[in-house]
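Let's take a walk through a protein fold together. Have a look at the model below, then read on.

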Amino acid sequence: MDFPEEIKQQTCADCLSGVSLGFRIRMAFQPIIDWQTRKIFAYEALVRGPDGQGAGWVFEQINETNKYYFDQACRITAIKTASELGCDTFLSINFLPNAVYNPQTCIKATIEAAHLYNFDLKKLIFEVTEGENIIDKAHLRNIFQSYAKFGFLTAIDDYGAGYTHISWLSELKPHVLKLDMSLIRDIDKDPLKQVQIREIKAQCDLQCTQLLAEGIETLEELECLTEMGIRYLQGYLFAQPSLEHLTTAGDIQLLQANDL
């Protein structure tokens, strides 16, 4: 992939300072539940604007000129904020593969941020959305392989949003596959969706990829998914994203219920 030379010459200090982005970003956190242990497995860091504006507002500010700095700023802000809030679980960070010109180089600021803010590098998950226009799949595969060598977990987000690439599973071999909420919505009432998810789960089981269902909103959806053996869960049924705050397991009533 071709990037301007001035970006390639940026130092880790430039990325850590955040001066190149042009506006401030903040992070909201949504818990990811391990239903088997009834504990919080991870928090997904979700970007927000300076006054708490949603991700849509933030992405309106992103263009080809600042997307590299934005990707770096999201990583660093997520790690810094999570560390300050006392996060001791996995931390899932969305990244833009089209903003990574070299995985070995572009990860340096992330590693430095983790050391600076005393966050365990082994607890980082990097997830890419299926909906992003992936210019070069081989480039994304290289990123995933490089990150795995560093000991990071990798994830594909929004899997099944409009179209499903089964080939992505075998080619990219993510540690986690996140089912899009379009597959989850009313899953208890839709046998075809249930068949589709069972097929996806079978492929995930073959290659030791953990399956995560996101966007869960009803008890019926939860019961259907857990009966299919899906262990990792996320959605408003448990907790909404909370700006610069970590929802604890004690705050989630469903985790305390004994009849589910």
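**Two helices side by side**

Helix 4 passes helix 6 in a right-handed crossing, where right-handed means the near helix is turned clockwise from the far one by less than a right angle, and left-handed means anticlockwise. Helices here are DSSP runs of H or I, at least four residues, numbered from the N terminus. This is a predicted model, so local features need pLDDT of at least 70 and side-chain atom pairs count only at 80 or more, while totals for chains, interfaces and linings use all residues. Residues are numbered from 1 along each chain, and side-chain values use heavy atoms, without hydrogens and water.

The axes of helix 4 and helix 6 (lines fitted to C-alpha atoms over the stretch in contact, with angles from 0 to 180 degrees between N-to-C directions) come within 9 Å and cross at roughly 15°. The two helices are therefore roughly parallel, a label for angles under 35 degrees.

So who meets whom? On helix 4, Gln72, Arg75, Ile76 and Ile79 meet Ala109, Thr110, Ala113 and Ala114 of helix 6; contact means heavy atoms within 4.5 Å. Helix 6 covers residues 108-116, and its buried residues are Ala109, Thr110, Ile111, Ala113 and Ala114 (buried is under 20% relative accessible area with a 1.4 Å probe, protein chains only). After helix 6 comes Asn118, with a positive phi near 55°.

Now for the inside. In the largest nonpolar core, which has 69 residues, Ile25 and Leu91 touch the most other members. Helix 4 gives the most to this core, with 9 residues. A nonpolar core is a set of buried Ala, Val, Leu, Ile, Met, Phe, Trp, Tyr and Cys residues joined through side-chain atoms within 4.5 Å.

Conventions:
Buried means under 20% relative accessible area, exposed over 50%, partly exposed in between (1.4 Å probe, protein chains only). Angles under 35 degrees count as roughly parallel, over 145 as roughly antiparallel, 65 to 115 as roughly perpendicular and the rest as oblique.
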